[in-house]
Amino acid sequence: MVHSFSFDGINVALDVASNSVHVLDDCSYALLNGQATKDRFSETDISSATAELERLTAAGRLHSQDVLKLPKFNGRRQVKALCLHVAHDCNLRCRYCFAGTGDFGHDRSLMTWEVAKAAVDFLVGASGSRQHCEIDFFGGEPLMNLPVVKQTIDYVRDIERKTGKIFKLTLTTNAVALNDDVIKYLNSENVSLVLSIDGRKPIHDQLRPDCAGNGSYEQVLRGIKRAVESRSGKNYYVRGTFTAKNTDFFEDVIHLAEQGFAEISLEPVVTSIAELQLQSEHLPEIFLQYELLAKKLFEYWHEDNAINFFHYNIDLNNGPCIVKRISGCGAGSDYLAVDPTGKLFPCHQFVGKTEFCVGNVLDGITDHSIVEQLSAASVFSKPECGDCWAKYFCSGGCHANNYNHNSDFNKPYQLGCQMQKKRLEMALWLKAKQYLNSKIG
Amino acid sequence: MNQHVVTINDTDIRKNVENSGCGECQTSCQSACKTSCTVGNQVCINEEVK
């Protein structure tokens with residue numbers, strides 16, 4: 001299968017099975033799409049372009065044979081990552097919060113040290129011989145339970161010394177409570193930060209008010225700038241959400257870049273609130289934003305001022321292996337979320353939905369049915385993914401999005417698919433443009 | 001020397017299938033997104049170490 005598209009003067013072809021990416025001139029692009037006529041191109045050009053396309057096909061870089069079945073995992077699928085919900089409480093009241101403004105539909109609560117310790121013990125046991133483990137301190141707002149975060153980190157470091165395991169620690173925060181002492185501590189422990197800000201002040205303030213209903217932009221921006229500067233611009237992402245209220249979100253990405261942030265992620269909202277939900281009628285505007293963004297990112301890169309936009313940050317030479325590409329994020333199999341009481345869920349987006357509770361940190365996984373369903377979910381189990389050119393980049397999409405929209409892990413969320421495909425085209429275009437500029441000038 | 005087509009990467013994801021799936025790479029949704037899974041923008045940790 002080959003996917004080809006043309007954008008801003010560059011023709012790109014992706015050979016899906018091999019993941020080879022080609023830039024084509026107009027003649028070879030027309031040939032590839034069965035549109036090369038003698039009134040448009042010379043016989044010489046058609047002949048030489050045909051020969052080049054045939055050579056690529058013979059070399060397995062075009063029209064190549066797809067993987068026919070799911071390769072087996074080298075190791076057993078083992079839980080290696082936890083999303084630790086240390087606080088089901090929050091000091092903001094974001095309108096689109098999938099966590100119900102922090103409480104996940106239940107009482108506001110904090111995780112105790114005993115539960116956090118048991119969660120780490122569970123992870124160490126469940127991860128077996130795997131060396132690399134991950135914990136994301138999440139919420140609600142995890143800094144509302146900083147003492148337990150600190151105890152957990154101390155405990156994890158001790159385990160690293162004793163076992164040789166390596167823990168990657170991340171903390172996802174709204175930045176309200178990021179003061180100098182907290183920042184210094186998180187830097188000293190090499191904790192990656194995911195810092196939430198939505199972009200322009202009116203957008204951010206409208207959707208991310210504090211408990212009194214006041215905008216949080218100034219306070220949040222101050223905290224994030226301080227944190228990013230203190231770690232020399234390393235080991236962080238600023239992360240925002242766009243909704244139906246800001247389908248011109250290109251402006252928000254640029255606003256964040258203009259604040260000096262070089263690692264930016266802006267995500268489509270997940271919400272059931274009608275006025276914020278993204279709908280198919282928004283897609284033309286959303287696609288335009290992704291196009292504007294790709295062009296602007298090239299400009300930044302060309303000026304030696306590169307911005308990493310999370311969804312465009314693909315690595316065409318050193319990307320994930322085929323097994324990872326086929327099997328996806330690992331929610332429910334490699335990755336679980338822990339609520340403040342110690343209950344286990346397939347991922348953070350399922351927390352609070354009791355029908356998705358798969359066990360607890362003391363007893364481990366006790367309900368294997370959902371885990372097995374998610375472990376089996378792959379691009380091969382999703383009929384709509386078989387013929388999709390993007391399948392080895394998105395792995396069939398987010399399980400939670402699929403379930404929330406279609407009540408089926410194996411039925412992709414179509415609006416998400418369309419946005420994903422546009423993002424991937426723009427990511428490929430950006431790579432092609434950068435390549436051509438580096439090689440040819 | 002190709003005149004019409006430039007290939008910009010030099011990998012084939014179908015190769016080395018036997019040695020793939022070690023599971024040491026980062027969980028995709030832990031990095032920055034949290035609401036929209038993308039696997040293609042990750043890197044292979046084994047290749048990274050080499």
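Reader: How many residues of chain B are in contact with chain A, and how many residues of chain A do they meet?

Author: Please keep in mind throughout that this is a predicted model. In it, 42 residues of chain B touch 74 residues of chain A. On the chain B side, the elements that contribute two or more residues are β1 (5-7) and α1 (45-49). Sorted by class, that side of chain B holds 15 nonpolar, 20 polar and seven charged residues.

Reader: What is the secondary structure of chain B, and what percentage of its residues count as buried?

Author: Chain B has one helix and one strand. Of its 50 residues, 48% count as buried.

Reader: How should I read a sheet, and in what order do the strands of the sheet that includes β1(B) lie?

Author: The general idea is that strands of a sheet pair through backbone hydrogen bonds, either parallel or antiparallel. Here, four strands form an open sheet in the order β1(A)-β2(A)-β3(A)-β1(B), with antiparallel pairing. Its edge strands are β1 (2-7) of chain A and β1 of chain B, each of which pairs on one side only. On average, neighbouring strands of the sheet are turned by 25° against each other, direction ignored.

Reader: How many bridges hold the individual pairs, and which residues may I look for as partners?

Author: Between the chains, strand β3 (residues 20-24) of chain A and β1(B) pair in the antiparallel sense over three bridges. To find this pairing in the view, look for A:Leu24, whose bridge partner in β1(B) is B:Val5. Within chain A, β1(A) and strand β2 (residues 10-15) run antiparallel and are joined by six bridges. There, A:Ser4 has A:Ala13 of β2(A) as its bridge partner.

Reader: Which helix lies across β1, β2 and β3 of chain A?

Author: That is helix α14 (residues 414-439) of chain A, which runs at about 115° to β2(A).

Reader: How does one describe two packed helices, and what are the values for α8(A) and α9(A)?

Author: Two packed helices are described by the angle between their axes and the distance between the axes. For α8(A) and α9(A), the angle is about 25° and the axes lie 9 Å apart. Angles under 35 degrees count as roughly parallel, and α8(A) and α9(A) are therefore roughly parallel to each other. From α8(A), the contact is made by A:Phe250, A:Val253, A:Ile254 and A:Ala257; from α9(A), by A:Gln289, A:Leu292, A:Leu293, A:Lys296 and A:Tyr300. By class, the residues of this contact are seven nonpolar, one polar and one charged.

Reader: Which residues of α8(A) are buried, and what do they pack against?

Author: In helix α8 (residues 250-258) of chain A, the buried residues are A:Phe250, A:Asp252, A:Val253, A:His255 and A:Leu256. They pack against α6 (201-207), β9 (236-242), β10 (263-268), α9 (283-302) and β11 (308-309) of chain A. Just after this helix, A:Gly260 takes a positive phi of about 100°.

Reader: What should I know about backbone angles, and which residues other than glycine have a positive phi here?

Author: Most residues other than glycine have a negative phi, and most peptide bonds are trans. A:His63, which is not a glycine, has a positive phi of about 55°. A:His63 sits in the loop between α2 (43-58) and β4 (81-88) of chain A and is partly exposed, with 17 other C-beta atoms within 10 Å. A:Asn235 also has a positive value, near 65°. A:Asn235 belongs to the loop between α7 (217-230) and β9 of chain A and counts as partly exposed, with 16 C-beta neighbours inside 10 Å.

Reader: Where is there a cis peptide bond?

Author: A cis peptide bond joins A:Gly139 and A:Gly140, with omega about 15°. A:Gly140 lies in the loop between β6 (132-139) and α4 (146-163) of chain A.

Methods. Residues are numbered from 1 along each chain as its sequence is written. Chains are lettered from A and ligands numbered from 1 in the order in which they are written. This is a predicted model: local features need pLDDT of at least 70, side-chain atom pairs count only at pLDDT 80 or more; totals for chains, interfaces and linings use all residues. Two residues are in contact if their C-beta atoms, placed from the backbone, lie within 7 Å. Ala, Val, Leu, Ile, Met, Phe, Trp, Tyr, Cys and Pro count as nonpolar, Asp, Glu, Lys and Arg as charged, and the others, Gly among them, as polar. Two strands pair if DSSP finds at least two bridges between them. Axes are lines fitted to C-alpha atoms, for helices over the stretch in contact, and angles run from 0 to 180 degrees between N-to-C directions. A residue is buried if 20 or more other C-beta atoms lie within 10 Å of its own, exposed if 12 or fewer, and partly exposed in between; C-beta atoms are placed from the backbone. Angles under 35 degrees count as roughly parallel, over 145 as roughly antiparallel, 65 to 115 as roughly perpendicular and the rest as oblique.
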